[in-house]
Amino acid sequence: MFSWLKKKQSASVAKDRLTIAIMSDRESNQDFQFLDELKAEILEVVKKYVDVSSVDIKKEVEGDIEALSIDVELNHKG
Amino acid sequence: MGIVIAVISGKGGVGKTTATANVGLGIALNNKKCIVVDFDIGQRNLDMILGLENRVVYDMVQVMDGEASVKQAVIKSKIDENLNFLAASQTKDKSTLTSEKVKKLIDELKDNYDYVILDSPAGIESGFEHTIEYADKAIVIVNPEVSSIRDADRAIGILDAKSQKVKDGEEVEKYLIVNRISADMVQSGEMLCSEDILDILNIPLLGKVSEDRGVIDASNQGKPIILDNKSDAGQAYARIAGRICGENIPLKDVESVSTGMFKKLAGIFK
């Protein structure tokens, strides 16, 4: 009888785990939604001062620390 | 003007291609002109499921590249003349797809068919993005299993971010098919039920398909299971196709053991 009770729980365990996993997936995906826009805006601003060819933004996660790393590639000198 | 429906899953191996074949044939059986297109470039499979592998001459990449016309490349099914098929390329790479080429092909298909069904590749790479780009609607296939559901949510997220319709400020309607349901396991609490999956994914349910041994038998023969109107999965796909074509068919409870019990009882009296 107890093994039956135990089995009964695995679908609800799955539901709980999925609900949390998907919530955090959706949050981190939300962060990425604006990246294209951010890239374009940074490109515009930096362009006012130096000649840039591209901007690349990556979200990096290490342990508890999240960081945005922004690479700005300059055009070759004359 | 035809309706473009992308069939997506996120995770592979959940029965997406089988679903595409059965949905496509089911729509054709409802007397609508339908074309199914295999967008899984490099991993051509839909032709086998539809039993058309020996008739493929030109593929969709050749059509997009202007090496063949739609007319030359499209194969008319002998099962139902309303069902048409366009094969994926087996040799080319997914990177061959561009938005322009995909749009041109889909626009041409929309002009000629009532329903354009696209079998998307698994994963969320560029091949997937091109499949959903010009879709009006999407059918999401999941198994009642955590990795499938999580990957489906991710695929839905990308669909909602990258499709042209969404960029135009509209919404791509999404519908869920829960595939490979085992009533016994749902009843014993070992398998997520459809309602739980709907709570998590939050899109409307198009149909529930039971685990059915006949599906493999059907693909062995290249005759989609919908043709076996005695099979559980075949009946489920027939209901699904009817719903897509606008019929009001109530959802059937395939998750209660009672149906299984009834069957077993019926089996005794056979």
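**Cavities, strands and helices in a predicted model**

Mentor: A search of this whole structure, a predicted model, finds 2 cavities of 30 Å³ or more.

Trainee: What makes the largest cavity count among the cavities of 30 Å³ or more?

Mentor: The largest cavity holds about 40 Å³ of space, and the search takes cavities of 30 Å³ or more. The word cavity is used because a 1.4 Å probe fits at its points but cannot get out.

Trainee: Which residues line the largest cavity, and which element gives the largest share of the lining?

Mentor: The lining consists of B:Gly207, B:Lys208, B:Ala236, B:Arg239, B:Ile240, B:Arg243, B:Leu251 and B:Lys252. The largest share, 4 residues, comes from α12(B). Both β8 and α12 of chain B supply at least two residues each.

Trainee: What is the order of the strands in the open sheet of chain B?

Mentor: The 8 strands follow the order β3-β4-β2-β5-β1-β6-β7-β8, with mixed pairing.

Trainee: Why are β3 and β8 of chain B said to stand at the edges?

Mentor: β3 (75-76) and β8 (205-210) each have a single partner strand, so one side of each is left without a neighbour in the sheet.

Trainee: How do you know that β1 and β5 of chain B pair?

Mentor: Strands β1 (residues 3-8) and β5 (residues 115-119) of chain B share 5 bridges in the parallel sense. A pair needs at least two bridges, so these strands qualify. Within β5(B), B:Val116 is the bridge partner of B:Val4.

Trainee: Why is the charge of B:Lys33 said to sit over the ring of B:Tyr113?

Mentor: The charged end of B:Lys33 is 5.0 Å from the ring centre of B:Tyr113.

Trainee: How many aromatic pairs does a search of the whole structure find?

Mentor: The search finds 0 aromatic pairs over all chains.

Note on methods
Residues are numbered from 1 along each chain as its sequence is written. Chains are lettered from A and ligands numbered from 1 in the order in which they are written. This is a predicted model: local features need pLDDT of at least 70, side-chain atom pairs count only at pLDDT 80 or more; totals for chains, interfaces and linings use all residues. Side-chain values use heavy atoms; hydrogens and water are left out. Rings of Phe, Tyr and Trp (its six-membered ring) pair if their centres lie within 6.5 Å; planes under 30 degrees apart count as stacked, over 60 as edge-to-face and the rest as tilted. A charge sits over a ring if NZ of Lys or CZ of Arg is within 6 Å of the ring centre and within 35 degrees of the ring normal. On a 1 Å grid over the protein atoms alone, a cavity is a set of points where a 1.4 Å probe fits but cannot get out, and a pocket is an open set with protein on both sides within 12 Å along at least five of seven lines; lining residues have an atom within 4 Å of a point. Grid points are joined across faces, edges and corners, and a volume is the space filled by probe spheres set on the points.
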